[in-house]
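Please keep the sequence and the model in view while reading.

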Amino acid sequence: MSTIPFKADHVGSLLRPTELLQAREDFKKQLISRDELTRLENRLIQDIVKKQVDTGLNSITDGEFRRAWWHFDFIEGLNGVTGYIPDEGLQFSGVQTKAYDVKVTEQVTANLNHTHFEHADFLLQAVGRQGTAKVTIPSPNQLFHPNILNHDIYPDINDYQRDVSKAYNASLTALYDLGIRYVQLDDVYWAGLAATEHRIKRRLRSQAEKQAAIKLAVKTVNDAIAGLPDDLHITTHICRGNFRSSWAMKGGYGPIAEDLFKENLAGFFLEYDDERSGDFEPLQHFKRDDSKVVLGLFTSKHGALENKETIIERVEEASRYVPKEQLALSPQCGFSSTEEGNLLTEDDQWRKLKYVVDIAEEIL
């Protein structure tokens, strides 16, 4: 079993410094050039690479500093997918995002000129031998939200699934060819299939529709990663929504666990920071000896440090279902899934990441 994911890991996004947020606004207003913005992004990413190393993390991301959203920036870069501004944003608990979405406008294929490949190469060079460069992209399942699929272009959803998986397989191959060996697929879609409460307006699915969607989600990911080299370690993060320290969904993993763990992945980052996530019992369906469960026991939504003894007790409880050597620790989500970021300070963020590292080193 690989050391990836690491016993102290993180989901990837980091709070954007004020300097970066201002520069992005200046670029939108055409006050600075793309080259000027890129130079600043490069410098700030090099800074956070060093901070992650100094914190003791082995998995090093670019903090998603070049993105406005955790998912749209990659998805709309695929051929056949277009961004647009809908009437309203996504509703979270007590707060709404800015209005933006994507839709399928033609056949979906890989875009091998996608800017994310250039960004991944920069991260790889910045990390060097200091750690393992980790690239985070949205899961292919994100393309199956009902507001994205165009049924006129894809009357048969199986044709759509085939093209989406092929586009991801080619994209993952391109990342591997660059030298990337650790990729995380961020997935809100799975959480929606398990949700008992959903703040984002969606058409209600029947149980039969949910079961069909669950089976298709497993196939989508497994087809996307089929045939890739064994030393490309791919994990997933199942997210219930993370915007301005708010959330979009409630519900444990029970309804999806048996199928979710059929995804042939190196690790599963699972949110377990509060009661919305349910208990550990669904982990009984984790029967893999080639993978790990990353327990998101630390919240990224506020800066207060969790009680150490409680963390130790919860790890012991989870180890009743998953051997401790197959467990790892992380925050439940990133600190800045969108450029706006969660409601804590950068000092809070780094303190919490160091806390995760220290506790994982002690107990795992």
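Two strands are said to pair if DSSP finds at least two bridges between them; strands (E, at least two residues) and helices (H or I, at least four residues) are DSSP runs, numbered from the N terminus. The model is predicted: local features need pLDDT of at least 70, side-chain atom pairs count only at pLDDT 80 or more, and totals for chains, interfaces and linings use all residues. Residues are numbered from 1 along each chain as its sequence is written, and side-chain values use heavy atoms, with hydrogens and water left out.

An open sheet is formed by 7 strands in the order 1-6-7-9-11-12-13, with parallel pairing. Its edges are strand 1 (59-60) and strand 13 (327-331), each of which pairs on one side only. Strand 1 runs parallel to strand 6 (residues 132-138), and 2 bridges join them. Within this pair, Ile60 stands opposite Ala133 of strand 6. Helix 4 (residues 115-127) packs on the sheet and touches both strand 1 and strand 6, where contact means heavy atoms within 4.5 Å. The direction of helix 4 makes about 160° with that of strand 6; such angles run from 0 to 180 degrees between N-to-C directions, and axes are lines fitted to C-alpha atoms, for helices over the stretch in contact.

A helix pair comes next. The axes of helix 2 (residues 34-55) and helix 10 (residues 346-363) come within 9 Å and cross at roughly 40°. From helix 2, Ile48, Lys51, Gln52 and Thr55 meet Trp350, Leu353, Lys354 and Val357 of helix 10.

On a 1 Å grid over the protein atoms alone, a cavity is a set of points where a 1.4 Å probe fits but cannot get out, and lining residues have an atom within 4 Å of a point. Grid points are joined across faces, edges and corners, and a volume is the space filled by probe spheres set on the points. By this rule there are 2 cavities of 30 Å³ or more.

Key. On a 1 Å grid over the protein atoms alone, a cavity is a set of points where a 1.4 Å probe fits but cannot get out, and a pocket is an open set with protein on both sides within 12 Å along at least five of seven lines; lining residues have an atom within 4 Å of a point.
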